Amino acid sequence: VAALLSVPDTAESWRDARLRAAEILREAGRLDKARRVLAPLQGDAPPAKERVELAIGLAQIEERGGDLVKAARLLDEAAQRLAPGDDEARPRLTLARAVLEEKRGDWRAALALVDEVLRSDVGNVEALNLWGYVAADHGHEVPRALGRLQAALAFEPASGAIIDSVGWAHFQAGDLVRARLFLEQAGRLLPEDPEVLAHAAALAERSGDKARAVAALRKALGQKMEEPLRKRLQETLGRLEAKEAARP
């Protein structure tokens with residue numbers, strides 16, 4: 001953070017450095033300082049793309065603090081300020097809003113927003129992956145979700161996140177053989193990622209390997225993550241440990 005904040009405001013990378021510093025502070029839970037870091041960026045009139053990144057950064061700080069309503073309002077206000085010709089910046093903002101809707105529990109609204117992006121840009125990798133993952137995670141149109149994830153993977157075959165999404169879609173479809181192929185590969189690429197570890201735990205449990213599932217969950221809980229995911233993993237771990245304790 002200190003190195004990023006030392007970038008002078010005359011440098012081209014100044015805005016990016018501030019956004020990155022705020023992201024690090026947000027992930028560390030230092031939300032007030034993250035807001036202060038972004039404050040100088042709110043006084044000028046940068047291009048639409050940079051205004052969108054600032055709005056997303058501010059919204060993510062509020063989301064991290066648990067105020068999803070304020071986060072949504074910040075994104076909506078940024079969308080209203082976009083001009084009709086700001087086509088390059090709009091999809092990024094729409095996808096950020098979709099992520100927020102999914103976290104608020106309205107995954108169908110999230111999918112609808114992602115569809116807006118895909119109607120104008122069928123090859124948007126972020127949108128393909130987001131739609132596919134959210135749909136598969138909720139057991140919604142899993143074959144279509146898998147198709148979109150495979151398309152995303154064709155564009156970015158080395159992405160551990162997309163490989164994990166494909167594996168999770170196969171898991172949701174009941175194809176444990178293909179799920180294992182992709183989830184294990186994702187685990188090699190992202191060995192500390194709590195979501196990847198959670199999927200590995202689900203696969204291990206479904207395969208009857210409770211000990212491996214417990215180990216994956218314990219490792220996941222040692223990583224930084226958002227509180228809803230942490231709570232879900234803790235509940236799963238508690239359930240598995242209770243089953244083991246109840247065995248004769």
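This is a short talk about one predicted protein model, going from the whole chain down to single residues.

Okay, quick housekeeping. Residues are numbered from 1 along each chain as its sequence is written, and side-chain values use heavy atoms, with hydrogens and water left out. Since the model is predicted, local features need pLDDT of at least 70 and side-chain atom pairs count only at pLDDT 80 or more, while totals for chains, interfaces and linings use all residues.

So, what is the chain built from? It has 14 helices and zero strands. Helices here are DSSP runs of H or I with at least four residues, strands are E runs of at least two, and both are numbered from the N terminus. The radius of gyration is 20 Å, close to the 18 Å that the globule rule gives for 248 residues, so the chain is as compact as a globular protein of that length. That radius is taken over C-alpha atoms, and the rule is 2.2 Å times the number of residues to the power 0.38. Along the principal axes, the C-alpha atoms fill a box of roughly 65 × 40 × 30 Å.

How much of the chain is buried? Of the 248 residues, 44% count as buried. Buried means under 20% relative accessible area, exposed means over 50%, and partly exposed is in between, using a 1.4 Å probe and protein chains only.

Now the inside. In soluble globular proteins, nonpolar side chains tend to be buried together. A nonpolar core, for us, is a set of buried Ala, Val, Leu, Ile, Met, Phe, Trp, Tyr and Cys residues joined through side-chain atoms within 4.5 Å. The largest one has 29 residues, and Val 114, Trp 131 and Val 166 touch the most other members. Helices α6 (90–103), α7, α8, α9 (142–155), α10 (160–172) and α11 (176–189) each supply at least two residues of this core, and α8 gives the most, with eight. Apart from it lies another core, of 28 residues, including Leu 54 and Leu 82.

Let's look at α11. Why do they line one face? One of the partners of Val 166, leaving aside neighbours within four places in sequence, is Phe 182.

Last stop, two single residues. Asn 124 is in the loop between α7 (107–120) and α8 (125–137). Is it buried or exposed? At 13% relative accessibility, Asn 124 counts as buried. Not counting residues up to four places away, it touches Pro 91, Leu 95, Val 117 and Leu 118.

Then there's Arg 51, in helix α4 (residues 48–64), partly exposed at 29% relative accessible area. Arg 51 and Leu 82 are 31 residues apart in sequence and 9.1 Å apart in space, C-alpha to C-alpha. That's my tour!

Methods. Contact means heavy atoms within 4.5 Å.
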